[in-house]
Amino acid sequence: MKIAVILPRIPYPLEKGDKLRAFHQIRCLAANNEIYLFALDADHSDLSLAKEKLLPFCKEVNFYHLSPKSIVKNVITACLVGKPLQVGYFYNKKVQKEISNRINAINPDHIYCQLIRTAEYAKNLPQTKTIDYQDVFSMGAKRQIKSAPIWLKPALYTEHKRLVKYENKVFDVFDLKTIISIPDRDLIQHTQKEEIAIIRNGVDFNFFSPEYTKEKKYDLVFTGNMSYAPNINACEYLVNKIMPLVWKQNPNVKIQLAGATPDKRVSVLESPKVTITGWMDDIRDAYASSKIFIAPMQIGTGLQNKLLEAMAMKIPSITSSLANNALKAEDNKEILVANNEQEFADKILELLSDKSFADKIAEAGQQFILRNYSWEAATQELENKMKKN
């Protein structure tokens, strides 16, 4: 097949979940198909390096710069016409025309759009189309309302309502709909949501493999894009709520918060016991230098790639029910699940004090990931479903 792929971000470097999913889906789809890539650039990415990494898998690579001025204009327009700000931020009428003209010239067999952010670029094109919801943005906005400053709550509520409406509208426009997990699918407010296909994320097992030579300088590690609201919230919850209970029992426990672009709310958490790394050239160093991985997610949707990576590297992991609902690992066997700060603290202390138990969780967790989270298998399922539409 000729497949036109439209992305809201250039899928390199792989510091964000949507980029990671897009990159590996393109890599795997390229084995049997011609890929024509159309990616928006609002982040001022290193275009030459990204193109170098993507060209081996793509017949054609097209990047479209979104200037700050156009972003502001289109967010205001979206606000005025009742569209979600998420959609307005990534939409540009001139870019839409350029993408449409090029797609019409290529005449692909299928168009694949990642996230509702790109739906406007393809909704009127005649080819069969897939929309990858990936995350349920409407629920993400709703979950942020509770912890948001009072002045921001009305805006988040309005965005939530607009996102629900837009997610339903998109459902009726696209031929194939995909999402990462069943719990996420259940959050889509459409009467036919069961039609949405589950296409899981995966792990590059050759890259994320156990590393036994690194010194374990840290007891705990949490990784992710540190400007992303659910990760900021998780960092604050970990350091301010969970760790005081841990330090009361073991004052020597050290934490590493590793990931790109730390928000100010993350940076202020740094202390002699809490290291903020910022961007890391190789995120495996963060996992390998830590005894335990923890993802105490309280808001957000979707499957946590960080959990897949840590478990693939055989790091015993702890997470919340919210995150494990998508992962589906077995509690107390393949992962530890906690629902409040005291439970998190107890499980941290248990793993630190019982190496045999920690090793059993790590081994079972790695085997669970190997069995269930292959990029190749997940993307083959996506390709099969595309061919049926």
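Which side chains meet in a salt bridge with an N to O distance of 3.2 Å, one of them being Arg 371? The side chain of Glu 334 pairs with that of Arg 371. The legends below describe a predicted model, in which local features need pLDDT of at least 70, side-chain atom pairs count only at pLDDT 80 or more, and totals for chains, interfaces and linings use all residues. Residues are numbered from 1 along each chain as its sequence is written, and side-chain values use heavy atoms, with hydrogens and water left out.

**Figure 1. The salt bridge between Arg 371 and Glu 334.** A salt bridge is a side-chain nitrogen of Lys or Arg within 4 Å of a carboxyl oxygen of Asp or Glu. Arg 371 counts as exposed because its relative accessible area is 55%, while Glu 334 counts as buried because its value is 8%. In these terms, buried means under 20% relative accessible area, exposed over 50%, and partly exposed in between (1.4 Å probe, protein chains only). The loop between H14 and S13 also holds Asn 332. The phi of Asn 332 is positive, near 70 degrees, in a residue other than glycine. With a relative accessible area of 46%, Asn 332 is partly exposed.

**Figure 2. The packing of helix H13 (residues 305-312) against helix H16 (residues 355-372).** The two helices pack at an angle of about 120 degrees, and their axes are 8 Å apart. Axes are lines fitted to C-alpha atoms, for helices over the stretch in contact, and angles run from 0 to 180 degrees between N-to-C directions. The crossing of H13 and H16 is left-handed, a term for a near helix turned anticlockwise from the far one by less than a right angle (right-handed if clockwise). On the H13 side, Leu 308, Met 311 and Ala 312 meet Gly 365, Gln 366, Phe 368 and Ile 369 of H16; contact means heavy atoms within 4.5 Å. Because 8 of the 8 residues of H13 are buried, this helix is largely enclosed by the rest of the structure. Among the buried residues are Asn 305, Lys 306 and Glu 309.

**Figure 3. The salt bridge between Lys 314 and Glu 363.** The closest N and O atoms of this pair are 2.8 Å apart. Lys 314 lies in the loop between H13 and strand S12 (317-320) and Glu 363 in helix H16, so the two residues, 49 apart, link distant parts of the chain. Lys 314 is partly exposed at 24% relative accessibility, and Glu 363 is partly exposed at 34%. Just after H13, Lys 314 takes a positive phi of about 65 degrees.

**Figure 4. Surroundings of Tyr 12, Pro 13, Glu 15 and Lys 19.** Tyr 12 and Pro 13 are joined by a cis peptide bond, with omega of about 0 degrees. Pro 13 is placed in the loop between strand S1 (2-7) and helix H1 (17-29). Glu 15 forms a salt bridge with Lys 19, their closest N and O atoms being 3.2 Å apart. Lys 19 is buried at 2% relative accessibility, whereas Glu 15 is partly exposed at 23%.

**Figure 5. Phe 137 in helix H7 (residues 137-147).** At 13% relative accessibility, Phe 137 counts as buried. Leaving aside its neighbours within four places in sequence, Phe 137 is in contact with Gln 86, Leu 115, Ile 116, Arg 117, Leu 163 and Glu 167. The C-alpha atoms of Phe 137 and Pro 84 are separated by 9.8 Å, although these residues are 53 apart along the chain. Other buried residues of H7 include Ser 138, Met 139 and Ile 145. The buried residues of this helix pack against helix H4 (85-90) and helix H8 (153-173).

**Figure 6. Gln 134 in strand S5 (residues 128-134).** Gln 134 is not a glycine, yet it has a positive phi of about 60 degrees. Gln 134 is buried, at 4% relative accessibility.

Terms used: Helix = DSSP H or I, 4+ residues; strand = E, 2+ residues; numbered from the N terminus.
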